[in-house]
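Here are some friendly notes to read alongside the model. Take the points in order, and keep the structure open as you go.

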Amino acid sequence: MGHEIGLILLSVLEALFQLGLLLILAPVMGWCLDSLPFWLAGRSVGTVRFRLLQAVRFWRSLFQVPLGGRPALALTAGVLTLVCLPAVTTGSGLSSLADPLVIGLVVLLGRGFLGPGLVQGEAARLMPAVLLLCLTEALIALAAPGTDGLSGLCAMLHIEPEPGLEGALAACALALGIACPPLRSDDVTQMLSGLRDRHEREAARSIADVLNCGWLLLLGDLALPVSVGLAQGGVQGWWLGLLALGGRLALTVAVAVGLRLMAQERSARLTALFAGVALLLALAGRFGT
């Protein structure tokens, strides 16, 4: 009984640490997404320190002026995503709830709640993403039936690697990143065009960083599921999982920035290509065994 309580407390502590770490990394990733394309083009950009201070002001202000309505729902969606997805290991408290379709829909709903109204461009990006999430769920059900969400899938692939499924998931992640890229600063500005309150606008930008972090973590978990450590890995496995998390997030940010620089975001042709590749790889892996 005491051993079971200890394991539960350990998983809760890991979930809280994961949430805190990702909330710190969210503004850093947001700065990279907004500033790196300009920096690589030789233009001057703001410092990451300003983005971090903006995030600190936002979280501090929540204790003084709580959010209400749509921004609160958007922030809830972002935080729920960060605490549920397997980031360091498969043993965090709510990782068993990290179903790719459900978590993906939660992030997309959060993006829809971010502004006072869903702008046309954002609405056009959501439907392809929903279809791709359904495809991802179907491929997982086809190649690995009975797995318990992303954490169960990661654990299974550690024990029994399936190159066909892993390649299919990577192709799905890339298709999702192309069809529905992280929110740009311009996207957020357009979504907030109806807001006049400065506090609400700054809060929405910080919430957008949280949602972008959750979306990129989902894509990273799909693309590299074996990089998530096992809950039974001990201290060494936890540290390796932490290092792998940093590499996974850096890779997803680099791919997102690269797609932006190459003007390949929201390309219907590339989205369809990688979706088709994912389907072929999953079928080849399923019937080739």
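Which side chain meets that of R51 in a salt bridge, with 2.9 Å from N to O?

1. The partner is D34: the side chains of R51 and D34 meet in a salt bridge at 2.9 Å, N to O. Here a salt bridge is a side-chain nitrogen of Lys or Arg within 4 Å of a carboxyl oxygen of Asp or Glu. R51 sits in helix α2 (residues 48-62) and D34 in helix α1 (residues 2-40), so this pair ties together parts that are 17 residues apart in sequence. Helices are DSSP runs (H or I, at least four residues), numbered from the N terminus.

2. Before going on, a word on what you are looking at. This is a predicted model, in which local features need pLDDT of at least 70 and side-chain atom pairs count only at pLDDT 80 or more, while totals for chains, interfaces and linings use all residues. Residues are numbered from 1 along each chain as its sequence is written, and side-chain values use heavy atoms, with hydrogens and water left out.

3. Are R51 and D34 buried or exposed? R51 is buried, with a relative accessible area of 15%, and D34 counts as buried at 17%. Buried means under 20% relative accessible area, exposed means over 50%, and partly exposed lies in between (1.4 Å probe, protein chains only).

4. R51 also meets D209 in a salt bridge between side chains, at 3.0 Å from N to O. Since R51 lies in α2 and D209 in helix α9, the pair ties together parts that are 158 residues apart in sequence. Both R51 and D209 are buried. Put together, D34, R51 and D209 are linked in a network of salt bridges.

5. Now look at R248, which forms a salt bridge with D221; their closest N and O atoms are 3.0 Å apart. This pair links distant parts of the chain, with R248 in helix α10 (residues 234-261) and D221 in α9, 27 residues apart. Both R248 and D221 are buried. The whole structure has 6 salt bridges.

6. Finally, see how α9 (residues 198-223) meets helix α4 (residues 100-113): their axes come within 10 Å and cross at roughly 155°. Axes are lines fitted to C-alpha atoms over the stretch in contact, and angles run from 0 to 180 degrees between N-to-C directions.

Methods. Helices (H or I, at least four residues) and strands (E, at least two) are DSSP runs, numbered from the N terminus.
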